[in-house]
Amino acid sequence: MLNILKLEFLIVLRSGSHIGLAFSFFLFFMLLFALSSLGNSSFLSGLGLTAVWLSLLMSILLTLNKIIHEDFKSGVLEYLLISDIPIEVTLFCKTLVHWVSVVIPLLIVTPLVLITFQISSDNVAKVVFILLLGSPSLSFIGMMISCLTLANRSSLLLTTITIPFYFPTLLLGIFCCASTNNNLIAFEYLLLYANTLFTIVISPYISAYAIKLNYS
Amino acid sequence: MIKKQISISIHSLSCAVDGKLVLEDINFSLTSGQSITITGPNGVGKTLLLHVILGFKSSFKGHILINEVDFSEDPDDRQEQIGYYGHRASLQAGLTPLEIIKYWKAYYNSDAVAMDLVKFWGLPNNTVENCSEGQRKRIGLARLSMMQRNIWLLDEPTTNLDLEGKEKFLELHASHLKSGGLSVITTHEPSQFNKNKMINLDKHRIN
């Protein structure tokens, strides 16, 4: 499986224009939010927490057509389906690589961006930690949706269907970021972790099922 | 590579696409060392037939037996025994042939040496985008040789290949049959393949 992860990384790095796109979109979106509040600091810190989740989601949506559609279009997916590696494992690896290559770079600049929202440094660390544990579910939900809409090339459809599925994660994430409770195993945080684990576990199976339906 | 004895039988297979019957009552059976050639004009359903056997199309009538066991309802189990070569090259953009071979080596648990395959098929060192169609086909054939499967479904394997490439393919195919494999080949150039077992889907007659 390590070997497969390595190879998938290589592919993403070679065709990685979408990573730069997501990155610049994220920065642009966040700074626009910061500017729009006209320096009203109490408004700004509340807005920042929502903005960071929203920007993250939008950046991920931008890159979703790279996650599996290219393999489907080129026909590579057919060979992955009949390979010795179960398709669920392949999909899990692909999603993990998507998360590491697209989301991690965004999380690295997040502390810098949050400072423009005048969020205190203690809170920045907490927000990044919550993003780190909450964001995998964005990638894994994205994989499910991409697989469900494989035959439909319309990205509008993809986006419209996707948004409601993201609501639980988004709401939980924003709620946790805004929570003043510093105990990181409090109920709201546990809910967020549970949500992430749940999507990581079900995503490969639902995605694989959707792909097989598409090929039958 | 030691392969077991294998047989595949297709019984009265019919398949419709969008309500139109494309394949009707196809029958054939093969055992180790045999190959069948499927011909017919464009759009007659050659690729569809391979996709049905491969399990990429589940709405068909009829039976597919592998080693006398009915696998009609188990596309997943069928796929584990089938090596496939599609008429599209199906390669990842941005990688070199060597990297692609390493990629599929991992996915097919092959013990082949990637460098040897590159040498055998005479593959270049640049990325796939800069490869010619024939070179892409060669990469596809290298991938096929790494699938250690007894049943080969080959979709127009020799198109775009030069004379040397065709010779290498025929060599690969012959050694596959010799080691106990069998193959179903669709082609527009039937003269190179088995003429004893041949189905023309247009006339739909077994010679």
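Helices (H or I, at least four residues) and strands (E, at least two) are DSSP runs, numbered from the N terminus. The structure is a predicted model, in which local features need pLDDT of at least 70 and side-chain atom pairs count only at pLDDT 80 or more, while totals for chains, interfaces and linings use all residues. Residues are numbered from 1 along each chain as its sequence is written, chains are lettered from A and ligands numbered from 1 in the order in which they are written, and side-chain values use heavy atoms, with hydrogens and water left out.

In chain A, helix α10 (residues 187–214) contains A:Glu188. This residue is buried (buried means under 20% relative accessible area, exposed over 50%, partly exposed in between, with a 1.4 Å probe and protein chains only). The side chain of A:Glu188 does make a polar contact of 2.7 Å with that of A:Ser179. Beyond neighbours within four places in sequence, the contacts of A:Glu188 (heavy atoms within 4.5 Å) include A:Leu172, A:Phe175 and A:Asn181.

Helix α6 (residues 87–115) of chain A holds A:Leu114, which counts as buried because its relative accessibility is 0%. The C-alpha atom of A:Leu114 is 9.5 Å from that of A:Leu31, although 83 residues separate the two along the chain.

A:Phe129 belongs to helix α7 (residues 121–134) of chain A and, at 32% relative accessibility, counts as partly exposed.

In helix α1 (residues 46–54) of chain B, eight of the nine residues are buried, among them B:Lys46 and B:His51. Just after this helix, B:Gly55 takes a positive phi of about 90°.

The loop between β7 (151–155) and α6 (163–178) of chain B contains B:Glu156, and B:Asn160 is found in the loop between β7 and α6 as well. Neither is a glycine, yet B:Glu156 has a positive phi of about 45° and B:Asn160 a positive phi of about 70°. B:Glu156 is buried, with a relative accessible area of 18%, whereas B:Asn160 is partly exposed at 48%.

Conventions
Lys, Arg positive; Asp, Glu negative; His and termini not counted. Salt bridge = Lys/Arg side-chain N within 4 Å of Asp/Glu carboxyl O. Polar contact = N/O pair within 3.5 Å; in protein donor to acceptor, adjacent residues only side chain to side chain.
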